[in-house]
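This briefing walks through the structure shown below, beginning with the place where its chains meet and then turning to each chain on its own.

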Amino acid sequence: MLKFTEDHEWLNIEDGVATVGITDHAQNALGDIVFVELPEVSADFNKGDDAAVVESVKAASEVYAPISGTITEINTVLEGKPDNVNSSPMDDGWFFKMTVADASELESFMDETAYGEYVAGLE
Amino acid sequence: MTDETLLKRPLYDLHVSAGGKMVPFAGYSMPVQYPLGIMKEHLHCREKAGLFDVSHMGQCYIRSVNAGDPAKALEKLMPGALAVLKPGKMRLTLLLNDEGGIEDDLMVTRTFDADETLYVVVNAACKDKDYSIIEDKLGSQVVIERLDEHALLALQGPQAESILAEFAPEVAGLSFMESTMVTLEGTICRVSRCGYTGEDGYEISVPQEEASAFAERLLRHDDVEWIGLGARDSLRLEAGLCLSGHDFNADTSPVEANLNFVLGKKRREAGDFPGGARILAELANGALKKLVGILPGGRAPAREGAEIADMDGNIIGIVTSGGFGPTMGAPVAMGYVPADFAADGTDIQLIVRGKPLPAKVAKTPFVAQRYKRKKIS
């Protein structure tokens, strides 16, 4: 189940675990990504907490925990290849996986079509 | 500030049509990047040639009103040897306040005019301040003639000479920090061999009516790409060049900012510039703090405002410019540390998002400057 947030993050939920990344729109707006700071595995977050940092040549931006939960895995490849976020934001550029502590937090998110319309409305 | 109140410079429409991302900068709407992106723009400039619109900067003529040398007058406010400038020669200098702090850095060029008029370029964010300081303090000796109707383009990179020489072969004969009037595409322009990237290149002052056509003509060259303010910042940082208002400000002395080279030898002996006592004392005894280059140990950039700590965690200074250096392939920074920590190779820590990250004080420029200096014959 693929969901999108208004903060331009995506979540792919499978078996109670959400894989989280930023969208193509987000990577495009940020520009060339040169550094990604990932959370610690087993760190607990509440929805909206700062969970990761993504830095472009120009500036640093926070990546929020889109839901409450515990980090189960991080994409350590990004430490050496942060530009995977630019080249493959929805696949190789994933940031972290986290448990879904409260499934009701998923209800407000958009599906792919709705997110596409949301982004179109911003431009 | 809303977009409506931002000023537009003559090439605005050209940037928009090139896909430039326009952002507020010093009250102007200027391109921070183009579709190529900051990383590729930066690398393109180092490899071929980049075209920058820096028309937001302040250009002016400074003329004498009393038949004196306008450069001699400016020396009252600036510590550089300016009166000795021969026609066609230019110099980086500093506008100092009475405490010896740096109000701005600026380029002063001696024109070929018989009255020894100067062509001066100041930073966009400082132009009104600079002009009013000069008018207040030197109004009886000089008059400022603003060149607001001129665009300023910079063509920078290893191909800049061969490309500009296609329009006017004589530009190849200019050395670094030389300037002259050249006819480009039928328009008389000022061409100066200088820049803010560490690369060889030129700054070209073009009347605004002709600026877009000339920029488009340059861009038709396969090796020329638009470069935005984003890459301009990473290029100048790798080249170890200060950004006014960031790497120094009105409290910072030239010695603290590691800009001793702008202090003329005879000017030092005389000490006849604002804040002379402070600056001469710092030259003799060293300043308490110093601007240094910093290489973070990891991949995390440390941005302007990040604190610098010693290895025991005591805060000792602050980062004034920092980011990722595309040519370095690594983060780079500059900042102020106490004199005891200013030696190359000194271990320090940078506090990034609350965490101390290892770093070392390092020599600048991080990327070697490639200016075409005059050969000493």
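In this predicted model, 10 residues of chain A are in contact with 14 residues of chain B.

**Where the chains meet**

- On the side of chain A that touches chain B, the elements that contribute two or more residues are strand 4 (33-37) and strand 6 (50-56) of chain A.
- Strand 4 of chain A gives the most to this side, with three residues.
- Sorted by class, the residues of chain A that face chain B comprise five nonpolar, one polar and four charged.

**Chain A as a whole**

- Chain A contains four helices and nine strands, and when it is read along the sequence these elements follow the pattern β-β-β-α-β-β-β-β-β-α-α-β-α.
- A compact globule of 123 residues would have a radius of gyration near 14 Å, and the value for chain A, 13 Å, agrees with this.
- Taken along the principal axes, the C-alpha atoms of chain A fill a box of roughly 35 × 35 × 20 Å.
- Of the 123 residues in chain A, 42% count as buried.
- If one takes the contacts in chain A with a separation of 6 or more, 61% of them are between residues 24 or more positions apart.

**Chain B as a whole**

- Chain B has nine helices and 19 strands.
- The radius of gyration of chain B is 21 Å, close to the 21 Å that the globule rule gives for 377 residues, so chain B is as compact as a globular protein of that length.
- The C-alpha trace of chain B spans about 65 × 50 × 50 Å along its principal axes, and buried residues make up 50% of the chain's 377 residues.
- Among the contacts in chain B between residues at least 6 apart in sequence, 66% join residues that are at least 24 apart.

**The two domains of chain B**

- Chain B is divided into domain 1, which is made of two stretches of sequence (3-55 + 149-238), and domain 2 (288-362).
- The centres of domain 1 and domain 2 of chain B, taken over C-alpha atoms, are separated by 31 Å, and the contact takes seven residues from domain 1 and nine residues from domain 2.
- On the side of domain 1 of chain B that touches domain 2, helix 2 (38-47) and helix 7 (229-238) of chain B each supply at least two residues, and the largest share, four residues, comes from helix 2 of chain B.
- By class, this side of domain 1 of chain B has three nonpolar, two polar and two charged residues.

**A sheet in chain B**

- Six strands of chain B form an open sheet in the order 10-11-12-9-3-13, with mixed pairing.
- The edge strands are strand 10 (179-184) and strand 13 (224-226) of chain B, each of which pairs on one side only, and the twist from one strand to the next averages 30°.
- Strand 10 of chain B pairs with strand 11 (residues 187-192) of chain B in the antiparallel sense over six bridges, and B:Leu184 stands opposite B:Thr187 in strand 11 of chain B.
- Helix 2 of chain B packs on the sheet, where it touches strand 3 (49-53), strand 9 (150-156) and strand 13 of chain B, and the direction of helix 2 makes about 120° with that of strand 3 of chain B.

Definitions and conventions:
Residues numbered from 1 in each chain as written. Chains lettered and ligands numbered in written order. Predicted model: local features only at pLDDT ≥ 70, side-chain atom pairs only at ≥ 80, totals over all residues. Rg over C-alpha atoms; globule rule 2.2 N^0.38 Å. Buried ≥ 20, exposed ≤ 12 C-beta atoms within 10 Å, placed from the backbone. Contact = placed C-beta atoms within 7 Å. Domains from an automatic or database assignment. Nonpolar A, V, L, I, M, F, W, Y, C, P; charged D, E, K, R; others polar. Pairing = 2+ DSSP bridges. Axes fitted to C-alpha atoms, helices over the stretch in contact; angles between N-to-C directions.
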